Amino acid sequence: MKKVAVIGASGMVASRFCDLAKTDLEITPLDEKTLDIIDKEAVEKYFSENKFDAIINFAAFTNVDGAEVQKDDKSGSVWKLNVEGPENLVRVCKDKNIFLAHISTDFVFPGSDKNPGPYDEDSLLPETPEDIGWYGWTKNRAEKIILSNGSRVAIIRYGYPFRAAQYDLKKDWARNLISLYNEQKLYPLFDDQIHSVLFIDDLTEPLTKIINEELDGIFHIASRDTTTPYEIGSYLLEKYSNKKVEIQKGSLAEFLKIPGKAPRSMFGGLKVGKTENRLDMKFKNWREMVDEFISQLKS
(Lines give C-alpha, C1' and ligand atoms only; values in the text may rest on other atoms or scores of the structure.)
Protein backbone atom coordinates (compact mmCIF):
# COMPACT_ATOMS: atom_id res chain seq x y z
CA MET A 1 0.00 0.00 0.00
CA LYS A 2 1.36 3.42 -0.98
CA LYS A 3 2.43 5.73 1.83
CA VAL A 4 0.87 9.10 1.08
CA ALA A 5 1.17 12.48 2.79
CA VAL A 6 -1.98 14.54 2.29
CA ILE A 7 -1.28 18.28 2.65
CA GLY A 8 -4.24 20.42 3.71
CA ALA A 9 -6.01 17.31 5.01
CA SER A 10 -8.47 19.19 7.22
CA GLY A 11 -10.04 21.01 4.26
CA MET A 12 -13.48 20.34 2.84
CA VAL A 13 -12.34 18.25 -0.13
CA ALA A 14 -9.23 16.66 1.38
CA SER A 15 -10.92 15.49 4.57
CA ARG A 16 -13.54 13.57 2.61
CA PHE A 17 -10.89 12.09 0.32
CA CYS A 18 -8.92 10.90 3.36
CA ASP A 19 -12.02 9.26 4.82
CA LEU A 20 -12.85 7.41 1.61
CA ALA A 21 -9.34 6.51 0.42
CA LYS A 22 -7.89 5.17 3.68
CA THR A 23 -8.66 1.55 2.74
CA ASP A 24 -6.56 1.85 -0.44
CA LEU A 25 -3.77 4.21 0.65
CA GLU A 26 -1.72 4.53 3.83
CA ILE A 27 -2.55 8.17 4.51
CA THR A 28 -0.77 10.60 6.82
CA PRO A 29 -2.98 13.70 7.09
CA LEU A 30 -1.08 16.99 7.47
CA ASP A 31 -2.36 20.51 8.08
CA GLU A 32 -0.65 23.85 8.62
CA LYS A 33 -0.11 23.06 12.32
CA THR A 34 1.84 19.93 11.40
CA LEU A 35 3.72 21.27 8.39
CA ASP A 36 3.94 24.80 7.04
CA ILE A 37 4.63 24.28 3.34
CA ILE A 38 5.61 27.94 2.97
CA ASP A 39 8.65 27.21 5.15
CA LYS A 40 11.18 25.67 2.77
CA GLU A 41 13.47 24.39 5.52
CA ALA A 42 10.54 22.83 7.40
CA VAL A 43 9.43 21.02 4.24
CA GLU A 44 12.92 19.66 3.58
CA LYS A 45 13.33 18.56 7.21
CA TYR A 46 9.93 16.84 7.40
CA PHE A 47 10.39 14.81 4.23
CA SER A 48 13.96 13.90 5.17
CA GLU A 49 12.71 12.45 8.45
CA ASN A 50 9.49 10.89 7.10
CA LYS A 51 9.41 8.66 4.04
CA PHE A 52 6.53 8.68 1.56
CA ASP A 53 5.78 7.27 -1.87
CA ALA A 54 3.55 10.22 -2.79
CA ILE A 55 2.31 13.62 -1.68
CA ILE A 56 -1.13 15.03 -2.48
CA ASN A 57 -1.26 18.80 -2.10
CA PHE A 58 -4.74 20.13 -1.38
CA ALA A 59 -3.46 23.18 0.53
CA ALA A 60 -4.49 26.50 -1.00
CA PHE A 61 -5.94 29.92 -0.27
CA THR A 62 -9.31 29.46 -1.99
CA ASN A 63 -11.37 32.50 -0.99
CA VAL A 64 -11.68 34.05 -4.44
CA ASP A 65 -12.79 37.53 -3.39
CA GLY A 66 -10.50 37.48 -0.35
CA ALA A 67 -7.56 36.71 -2.60
CA GLU A 68 -8.36 39.70 -4.80
CA VAL A 69 -7.48 42.05 -1.92
CA GLN A 70 -3.87 40.89 -2.35
CA LYS A 71 -3.79 41.25 -6.14
CA ASP A 72 -0.21 41.56 -7.49
CA ASP A 73 1.28 41.18 -3.99
CA LYS A 74 3.87 38.40 -4.13
CA SER A 75 4.70 38.95 -0.47
CA GLY A 76 1.10 38.18 0.55
CA SER A 77 -0.30 34.95 2.00
CA VAL A 78 -2.16 34.02 -1.21
CA TRP A 79 0.99 33.96 -3.35
CA LYS A 80 3.02 32.29 -0.63
CA LEU A 81 0.53 29.46 -0.04
CA ASN A 82 -0.59 28.96 -3.63
CA VAL A 83 2.77 29.38 -5.40
CA GLU A 84 5.73 29.22 -3.04
CA GLY A 85 4.28 26.31 -1.04
CA PRO A 86 3.81 24.05 -4.09
CA GLU A 87 7.26 25.11 -5.33
CA ASN A 88 8.79 23.91 -2.04
CA LEU A 89 6.91 20.62 -2.33
CA VAL A 90 7.88 19.89 -5.92
CA ARG A 91 11.55 20.58 -5.14
CA VAL A 92 11.58 18.11 -2.28
CA CYS A 93 9.67 15.58 -4.40
CA LYS A 94 12.39 15.77 -7.05
CA ASP A 95 15.15 15.47 -4.46
CA LYS A 96 13.52 12.54 -2.67
CA ASN A 97 11.96 10.86 -5.74
CA ILE A 98 8.44 11.30 -4.38
CA PHE A 99 5.41 11.37 -6.69
CA LEU A 100 3.41 14.61 -6.39
CA ALA A 101 -0.29 15.06 -7.08
CA HIS A 102 -1.10 18.77 -7.01
CA ILE A 103 -4.73 19.88 -6.77
CA SER A 104 -5.57 22.76 -9.08
CA THR A 105 -8.69 24.43 -10.43
CA ASP A 106 -10.55 25.53 -13.54
CA PHE A 107 -9.92 29.11 -12.37
CA VAL A 108 -6.47 28.93 -14.04
CA PHE A 109 -8.37 29.80 -17.24
CA PRO A 110 -10.25 33.06 -17.92
CA GLY A 111 -13.51 31.59 -19.23
CA SER A 112 -14.01 34.81 -21.16
CA ASP A 113 -15.73 35.39 -24.49
CA LYS A 114 -12.25 35.83 -26.02
CA ASN A 115 -10.94 32.59 -24.49
CA PRO A 116 -13.97 30.44 -23.58
CA GLY A 117 -14.19 26.93 -22.17
CA PRO A 118 -14.89 24.25 -21.51
CA TYR A 119 -11.17 23.48 -21.56
CA ASP A 120 -9.56 20.12 -22.19
CA GLU A 121 -6.52 18.71 -20.43
CA ASP A 122 -4.17 19.98 -23.17
CA SER A 123 -5.52 23.55 -23.32
CA LEU A 124 -2.64 26.01 -23.05
CA LEU A 125 -2.43 27.98 -19.83
CA PRO A 126 -2.68 31.73 -20.37
CA GLU A 127 0.62 33.56 -19.87
CA THR A 128 -1.02 36.83 -18.79
CA PRO A 129 -3.58 37.40 -16.02
CA GLU A 130 -6.11 39.07 -18.32
CA ASP A 131 -9.65 38.19 -17.12
CA ILE A 132 -8.22 35.95 -14.37
CA GLY A 133 -8.53 36.79 -10.65
CA TRP A 134 -5.58 36.70 -8.27
CA TYR A 135 -6.60 33.30 -6.89
CA GLY A 136 -6.75 31.81 -10.38
CA TRP A 137 -3.51 33.48 -11.44
CA THR A 138 -1.59 32.12 -8.43
CA LYS A 139 -2.88 28.62 -9.20
CA ASN A 140 -1.94 29.15 -12.86
CA ARG A 141 1.62 30.13 -11.94
CA ALA A 142 1.93 27.19 -9.55
CA GLU A 143 1.07 24.79 -12.36
CA LYS A 144 3.76 26.32 -14.59
CA ILE A 145 6.40 26.02 -11.88
CA ILE A 146 5.45 22.46 -10.97
CA LEU A 147 5.38 21.19 -14.54
CA SER A 148 8.74 22.80 -15.38
CA ASN A 149 10.50 21.16 -12.43
CA GLY A 150 11.17 17.81 -14.08
CA SER A 151 9.67 15.87 -11.20
CA ARG A 152 7.04 13.12 -11.42
CA VAL A 153 3.86 15.16 -11.14
CA ALA A 154 0.11 14.95 -11.73
CA ILE A 155 -1.99 18.12 -11.90
CA ILE A 156 -5.63 17.48 -10.97
CA ARG A 157 -8.15 20.19 -11.85
CA TYR A 158 -11.76 20.44 -10.72
CA GLY A 159 -14.25 23.17 -9.89
CA TYR A 160 -17.28 23.87 -7.68
CA PRO A 161 -16.94 20.86 -5.34
CA PHE A 162 -19.77 19.76 -3.02
CA ARG A 163 -20.29 16.97 -0.49
CA ALA A 164 -23.14 15.33 1.39
CA ALA A 165 -21.01 14.20 4.34
CA GLN A 166 -21.17 16.64 7.24
CA TYR A 167 -18.43 19.28 7.33
CA ASP A 168 -18.78 21.98 9.97
CA LEU A 169 -15.97 24.36 9.00
CA LYS A 170 -17.40 25.54 5.68
CA LYS A 171 -20.52 25.21 3.57
CA ASP A 172 -20.07 24.29 -0.07
CA TRP A 173 -22.31 25.88 -2.68
CA ALA A 174 -24.88 23.03 -2.54
CA ARG A 175 -25.28 22.95 1.23
CA ASN A 176 -25.38 26.74 1.29
CA LEU A 177 -28.16 26.71 -1.30
CA ILE A 178 -30.21 24.27 0.79
CA SER A 179 -29.69 26.41 3.91
CA LEU A 180 -30.88 29.51 2.06
CA TYR A 181 -33.92 27.60 0.79
CA ASN A 182 -34.82 26.37 4.29
CA GLU A 183 -34.42 29.90 5.67
CA GLN A 184 -36.47 31.35 2.78
CA LYS A 185 -33.52 33.55 1.83
CA LEU A 186 -32.89 32.34 -1.72
CA TYR A 187 -31.21 34.88 -3.96
CA PRO A 188 -31.09 34.92 -7.78
CA LEU A 189 -28.82 32.34 -9.41
CA PHE A 190 -26.74 33.11 -12.47
CA ASP A 191 -28.08 31.75 -15.74
CA ASP A 192 -25.29 33.28 -17.85
CA GLN A 193 -22.36 31.39 -16.29
CA ILE A 194 -21.19 27.98 -17.54
CA HIS A 195 -19.12 25.67 -15.35
CA SER A 196 -18.47 22.09 -14.27
CA VAL A 197 -19.05 20.68 -10.78
CA LEU A 198 -17.61 17.83 -8.71
CA PHE A 199 -19.37 15.68 -6.13
CA ILE A 200 -16.36 15.21 -3.87
CA ASP A 201 -16.88 11.47 -3.35
CA ASP A 202 -16.29 11.01 -7.09
CA LEU A 203 -12.72 12.28 -6.70
CA THR A 204 -11.61 9.29 -4.64
CA GLU A 205 -11.41 6.49 -7.21
CA PRO A 206 -9.63 8.41 -10.01
CA LEU A 207 -7.20 10.18 -7.66
CA THR A 208 -6.38 6.91 -5.89
CA LYS A 209 -5.65 5.30 -9.25
CA ILE A 210 -3.39 8.22 -10.26
CA ILE A 211 -1.46 7.78 -7.00
CA ASN A 212 -1.22 4.00 -7.09
CA GLU A 213 -0.06 3.93 -10.72
CA GLU A 214 1.94 7.19 -10.42
CA LEU A 215 0.38 8.61 -13.57
CA ASP A 216 1.87 11.95 -14.52
CA GLY A 217 0.33 14.74 -16.58
CA ILE A 218 -2.83 16.83 -16.34
CA PHE A 219 -6.18 15.34 -15.31
CA HIS A 220 -9.67 16.83 -15.17
CA ILE A 221 -11.96 15.22 -12.59
CA ALA A 222 -15.39 16.80 -12.84
CA SER A 223 -18.89 16.33 -14.20
CA ARG A 224 -18.73 15.12 -17.78
CA ASP A 225 -21.02 17.98 -18.83
CA THR A 226 -21.41 21.63 -17.90
CA THR A 227 -24.30 23.52 -16.36
CA THR A 228 -25.27 26.94 -15.02
CA PRO A 229 -25.80 27.87 -11.35
CA TYR A 230 -29.49 28.46 -12.12
CA GLU A 231 -29.93 25.12 -13.88
CA ILE A 232 -28.18 22.98 -11.29
CA GLY A 233 -29.65 24.97 -8.39
CA SER A 234 -33.19 24.48 -9.66
CA TYR A 235 -32.62 20.76 -10.18
CA LEU A 236 -31.00 20.29 -6.77
CA LEU A 237 -33.76 22.06 -4.82
CA GLU A 238 -36.48 20.20 -6.73
CA LYS A 239 -34.85 16.88 -5.79
CA TYR A 240 -34.37 18.04 -2.20
CA SER A 241 -37.92 19.36 -1.68
CA ASN A 242 -39.78 16.98 -4.03
CA LYS A 243 -41.49 19.94 -5.64
CA LYS A 244 -40.86 22.66 -8.17
CA VAL A 245 -38.97 25.55 -6.61
CA GLU A 246 -39.22 29.02 -8.11
CA ILE A 247 -35.82 30.72 -8.31
CA GLN A 248 -35.06 34.11 -9.79
CA LYS A 249 -32.49 34.30 -12.55
CA GLY A 250 -29.44 36.43 -11.93
CA SER A 251 -26.55 37.66 -14.08
CA LEU A 252 -22.86 37.07 -13.39
CA ALA A 253 -22.08 39.87 -15.82
CA GLU A 254 -23.97 42.30 -13.58
CA PHE A 255 -22.52 40.78 -10.38
CA LEU A 256 -18.96 41.38 -11.60
CA LYS A 257 -19.65 45.08 -11.87
CA ILE A 258 -19.75 45.29 -8.06
CA PRO A 259 -16.49 46.82 -6.76
CA GLY A 260 -14.13 44.31 -5.16
CA LYS A 261 -15.49 41.24 -6.92
CA ALA A 262 -12.81 39.02 -8.43
CA PRO A 263 -13.03 38.04 -12.11
CA ARG A 264 -14.89 34.76 -12.58
CA SER A 265 -15.31 32.54 -15.61
CA MET A 266 -18.43 33.28 -17.63
CA PHE A 267 -17.79 30.47 -20.07
CA GLY A 268 -15.76 27.98 -18.09
CA GLY A 269 -15.88 24.29 -17.32
CA LEU A 270 -13.59 21.33 -17.91
CA LYS A 271 -13.68 18.61 -20.53
CA VAL A 272 -12.91 15.21 -19.03
CA GLY A 273 -12.73 12.90 -22.05
CA LYS A 274 -8.95 12.48 -22.13
CA THR A 275 -8.87 11.78 -18.40
CA GLU A 276 -11.68 9.24 -18.70
CA ASN A 277 -9.82 7.46 -21.50
CA ARG A 278 -6.51 7.43 -19.67
CA LEU A 279 -8.01 6.15 -16.42
CA ASP A 280 -10.48 3.83 -18.19
CA MET A 281 -13.35 5.38 -16.23
CA LYS A 282 -16.59 7.15 -16.99
CA PHE A 283 -17.47 10.10 -14.77
CA LYS A 284 -21.00 11.08 -13.77
CA ASN A 285 -22.86 13.95 -15.39
CA TRP A 286 -23.92 16.77 -13.09
CA ARG A 287 -27.47 15.46 -12.63
CA GLU A 288 -26.13 12.08 -11.51
CA MET A 289 -23.82 13.84 -9.06
CA VAL A 290 -26.71 15.83 -7.61
CA ASP A 291 -28.83 12.66 -7.39
CA GLU A 292 -26.09 10.93 -5.36
CA PHE A 293 -25.68 14.01 -3.17
CA ILE A 294 -29.41 14.14 -2.37
CA SER A 295 -29.57 10.37 -1.82
CA GLN A 296 -26.76 10.53 0.76
CA LEU A 297 -28.19 13.68 2.36
CA LYS A 298 -31.60 12.08 2.88
CA SER A 299 -30.17 8.80 4.17
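K284 and D202 form a salt bridge, with their closest N and O atoms 2.7 Å apart. (A salt bridge here is a side-chain nitrogen of Lys or Arg within 4 Å of a carboxyl oxygen of Asp or Glu.) K284 sits in the loop between α10 (273-279) and α11 (286-298), and D202 in the loop between β8 (198-199) and α7 (204-213), so the pair ties together parts that are 82 residues apart in sequence. Helices (H or I, at least four residues) and strands (E, at least two) are DSSP runs, numbered from the N terminus.

This is a predicted model: local features need pLDDT of at least 70, side-chain atom pairs count only at pLDDT 80 or more, and totals for chains, interfaces and linings use all residues. Residues are numbered from 1 along each chain as its sequence is written, and side-chain values use heavy atoms, with hydrogens and water left out.

D202 has 18%, so it counts as buried. The cut-offs are under 20% relative accessible area for buried, over 50% for exposed, and in between for partly exposed (1.4 Å probe, protein chains only).

## Other salt bridges

The structure holds 20 salt bridges. One of them joins the side chains of K45 and E49, at 3.0 Å from N to O. Both residues lie in helix α2 (residues 40-49). They are 4 residues apart, about one turn of the helix. K45 and E49 are both exposed.

E254 and K257 also meet through their side chains in a salt bridge, again 3.0 Å from N to O. E254 counts as partly exposed because its relative accessibility is 48%. K257, at 59%, counts as exposed.

## The nonpolar cores

In soluble globular proteins, nonpolar side chains tend to be buried together. A nonpolar core here is a set of buried Ala, Val, Leu, Ile, Met, Phe, Trp, Tyr and Cys residues joined through side-chain atoms within 4.5 Å.

The largest nonpolar core has 55 residues. Which of them touch the most other members? They are I56, F58, I156 and L207. Helix α1 (residues 12-21) gives the most to this core, with 6 residues.

I56 touches V4, A5, V6, I7, F17, A101, I103, L207 and I211, leaving out residues up to four places away in sequence. Contact means heavy atoms within 4.5 Å. Another core, of 20 residues, lies apart from the largest one. Among its members are F47, F52, I55 and I98.
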